[in-house]
Amino acid sequence: MFFLKKDSSGFELTMQGTSHLASLPLKCMEQEFPNKTSHTSNKDSDHMLLPHQLHPAFYGCFDWHSCVHGHWMLVRLLKLFPNMPETNAIKTAINKTITKENILQEVKYFDLPLTSSWERTYGWAWLLKLDEELFTWNDADGKRWHEALQPLIQKVIQLWIKFLPKQTYPNRTGVHPNTAFGLVFALDYSRTEKNAEFEKAIIESAKRIYVKDKNAPAIWEPDGSDFLSPSLEEADLMRRVLPAKKFTGWFNQYFSLQSLKHLTVLPIVSDRSDLQIVHLDGLCFSRSWCMKGLANILPLSDPRKKILLHSAVKHLSVALPNVVSCNYSGEHWLASFAVYALAY
């Protein structure tokens with residue numbers, strides 16, 4: 001068994017499970033192809049640049065954001081299991097990727113024409129999550145990696161703060177551009193690393209674009225390639241933004257019981273070798289962590305608490321075996337979603 005059932009409210013990783021999950025980004029973080037760079041060419045020679053030339057720190061795992069959150073997952077596992085068999089292999093690998101020289105090259109990429117919105121905001125969010133994990137780790141290697149990341153972290157924060165006032169409408173998609181998902185990770189980062197300016201900008205933006213929302217059309221979910229639930233991600237953000245009493249009032253108007261129950265129905269994943277359809281396994285994980293977070297702040301007397309907790313466990317238990325499906329379509333990214341769902 002890769003995963004050990006702990007109790008009715010969650011799961012606990014076994015050492016065997018930890019080793020297997022760690023093996024996935026270890027295998028792909030230096031695997032350059034296949035690769036989706038999403039690079040915009042500005043001149044005829046641009047198409048000749050290889051992924052490792054464009055992004056020397058995060059060129060593996062099919063795309064930049066997957067490589068970033070693969071790094072986050074490895075750091076998270078090192079913190080949880082410092083004596084895991086893969087410890088030396090993980091540290092050796094990250095010592096090659098997160099260097100001052102590589103990170104400065106990553107910063108330069110954002111200075112190219114037409115790149116200010118590149119990886120906005122999904123990749124940005126996972127980068128901040130990686131830095132947050134390093135910031136809270138008392139480890140010599142972790143401290144060095146955290147220091148090396150800072151030029152890129154500051155670049156992304158500057159871009160994000162500049163963008164927030166211009167975002168008239170949120171992206172309510174169930175894939176990478178989802179606004180609420182990005183703001184959740186950014187807000188957690190800002191509070192952990194005590195960046196008051198960034199936190200204030202995020203809260204102001206979240207209230208401006210979400211606080212008046214009512215009757216979320218959750219009944220329309222999911223779309224065929226969703227790995228995020230637009231309605232749950234928004235609620236997961238607002239529980240962080242609003243005081244508990246105000247959030248309960250907002251939540252009551254936002255979700256009908258029918259809509260909430262609709263989201264407890266497991267998505268059908270018909271083909272795990274399909275890069276888009278396999279996203280629905282990720283949806284199971286993200287629904288799980290959102291439902292658990294929402295349930296934890298509802299009072300014991302609220303019937304939605306039990307519904308959400310039960311559904312969180314159900315989604316997690318169904319999705320976990322699929323991390324080991326042996327299809328690169330899911331293997332290059334799903335493990336990070338599994339670890340986040342298990343850890344938070």
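Mentor: A cavity is a set of points on a 1 Å grid over the protein atoms alone where a 1.4 Å probe fits but cannot get out, its lining residues having an atom within 4 Å of a point, and its volume is the space filled by probe spheres set on the points, which are joined across faces, edges and corners. This is a predicted model, in which local features need pLDDT of at least 70 and side-chain atom pairs count only at pLDDT 80 or more, while totals for chains, interfaces and linings use all residues. Residues are numbered from 1 along each chain as its sequence is written, and side-chain values use heavy atoms, with hydrogens and water left out.

Trainee: Which residues line the second largest cavity?

Mentor: Among them are Leu 24, Ser 66, His 69, Trp 333 and Ser 336. Helix 3 gives the most to this lining, with 4 residues, and His 69 lies in helix 3, residues 64–80, where a helix is a DSSP run of H or I of at least four residues, numbered from the N terminus.

Trainee: Why is His 69 called buried?

Mentor: Buried means under 20% relative accessible area (1.4 Å probe, protein chains only), and His 69 has 1% relative accessibility, so His 69 counts as buried.

Trainee: What does the side chain of His 69 make a polar contact with?

Mentor: The partner is the side chain of Ser 336, at 2.8 Å, and a polar contact is a pair of N or O atoms within 3.5 Å, one able to donate a hydrogen and the other to accept it, with residues adjacent in sequence counted only if both atoms are side-chain atoms.

Methods. Helix = DSSP H or I, 4+ residues; strand = E, 2+ residues; numbered from the N terminus. Buried < 20%, exposed > 50% of the residue type's maximum accessible area, 1.4 Å probe, protein only. 1 Å grid on protein atoms, 1.4 Å probe; cavity = no way out; pocket = protein on both sides within 12 Å on 5 of 7 lines; lining within 4 Å.
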